Amino acid sequence: MSDDARQQGFSTRAIHAGQEPDAGTGAVITPIFQVSTYKQDGIGGFRGGYEYSRSANPTRTALEECFAALEGGVRGFAFSSGLAGQDTVLRALLAPGDHVVVPNDAYGGTYRLFNKVLTPWGVEHSIAPMGDVDAVRAAIRPGATKIVWVETPTNPLLGIADIEALAAVAHEAGALLVVDNTFASPYLQQPLSLGADIVTHSTTKYCGGHSDVVGGAVVVGHDIAVPGYADAADRIAFHQNSMGAVAGPMDAWLVLRGLKTLAVRMEKHSDNAERVVEFLSGHPAVKAVHYPGLASHPGHEVAKKQMRRFGGMISFQVKAGEDVAVKVCGETQLWTLGESLGGVESLIEHPARMTHASVAGTELEVPADLIRLSCGIEDVDDLIADLGQALDRLG
């Protein structure tokens with residue numbers, strides 16, 4: 001990006017970064033280059049740098065450039081899923097014998113990646129509450145810890161980590177800070193500006209925004225020295241191409257389309273969530289509400305400092321226990337029972353039996369009476385009425 005482009009507002013970048021009108025036709029929307037290979041102008045004469053779509057595709061390039069612009073990074077990468085992006089970062093930057101600090105409240109799939117895939121490879125991990133900077137510092141193994149892995153807000157308990165403070169702790173130990181920014185989205189939070197080194201996303205969620213695509217993204221914030229490569233971004237690019245879990249052109253186009261409206265959607269998601277939290281906080285069947293926008297939330301002040309707003313994700317616990325929590329999830333009409341999050345439609349789920357079943361019996365096990373909500377952009381009075389009838393009937 002030019003210096004002038006870097007000064008543009010978020011929505012301007014979301015609509016224009018990496019997305020100049022097509023040179024051949026003038027099309028204002030980036031085309032879907034549904035192509036596997038490209039005509040070469042002689043042996044090794046790649047036209048525009050394109051040879052084979054696993055290595056690069058113009059639609060994917062537009063998405064990667066847009067993501068880098070939105071997160072304020074030097075280079076972006078688009079993947080076939082959020083976990084594919086995370087796996088590529090970890091395999092590119094770690095080796096057997098290395099150590100990672102991971103959150104005690106993390107997405108179940110991410111922890112499964114550490115616990116079941118990387119551990120047999122020889123990469124060790126320790127678990128720490130990311131909201132406790134001293135606990136993270138204590139979990140670091142001098143000389144061995146290469147990455148401190150952060151989610152904020154966390155999934156599903158909406159914990160908050162102080163990105164700036166954790167970046168200082170990680171860097172003091174010679175480690176990188178990697179932040180999964182999925183719950184916040186680039187609109188609500190920009191970890192690279194707070195000192196993080198790398199950001200990851202499941203673009204399936206808010207960035208795509210319409211529950212019609214699976215994807216992932218990684219953005220590198222600055223030049224990071226790694227042996228044998230110009231920097232970490234080059235090494236991640238090598239692994240992206242070598243491992244091949246790239247975003248296809250149609251998927252890249254769908255995420256690119258979603259990013260154009262991310263700002264307006266996140267405002268509505270946040271508006272709705274605040275009203276739903278207010279309702280749940282006053283309902284007699286509810287034991288606890290987890291939302292960083294609440295003044296009573298232990299991470300509220302940090303969230304207020306590093307987030308534009310508090311987002312569309314809520315979790316809450318019911319007084320009557322697990323069986324009632326499960327029944328409430330099945331009694332709503334507008335809140336669709338389903339995994340994932342961040343779409344225009346509202347979703348409800350039971351983490352212990354659904355998204356976080358893989359961490360049952362571990363230090364990351366979630367409360368059995370917990371319900372997670374992804375607030376969509378429907379009329380909020382209808383969403384509240386639907387939750388109310390389910391809680392009144394079963395709570």
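User: What makes helix α7 one that lies across β4 and β5?

Analyst: Contact means heavy atoms within 4.5 Å, and α7 (residues 163–172) lies across β4 and β5. Helices (H or I, at least four residues) and strands (E, at least two) are DSSP runs, numbered from the N terminus. The model is predicted: local features need pLDDT of at least 70, side-chain atom pairs count only at pLDDT 80 or more, and totals for chains, interfaces and linings use all residues. Residues are numbered from 1 along each chain as its sequence is written, and side-chain values use heavy atoms, with hydrogens and water left out.

User: At about what angle does α7 run to β5?

Analyst: About 145°; axes are lines fitted to C-alpha atoms, for helices over the stretch in contact, and angles run from 0 to 180 degrees between N-to-C directions.

User: What makes β2 and β4 a pair?

Analyst: Two strands pair if DSSP finds at least two bridges between them. β2 (residues 99–103) and β4 (residues 145–151) have 3 bridges, in the parallel sense, so they pair. Thr145 in β4 is the bridge partner of His99.

User: Why is one side of β1 and of β3 left without a neighbour in the sheet?

Analyst: The open sheet has the order β1-β7-β6-β5-β4-β2-β3, with mixed pairing. β1 (75–79) and β3 (124–128) stand at its edges with a single partner strand each, so one side of each has no neighbour.

User: Why is the crossing of α3 and α10 called left-handed?

Analyst: A crossing is left-handed if the near helix is turned anticlockwise from the far one by less than a right angle, and right-handed if clockwise. The axes of α3 (residues 58–71) and α10 (residues 249–260) cross at roughly 35°, and the crossing is left-handed.
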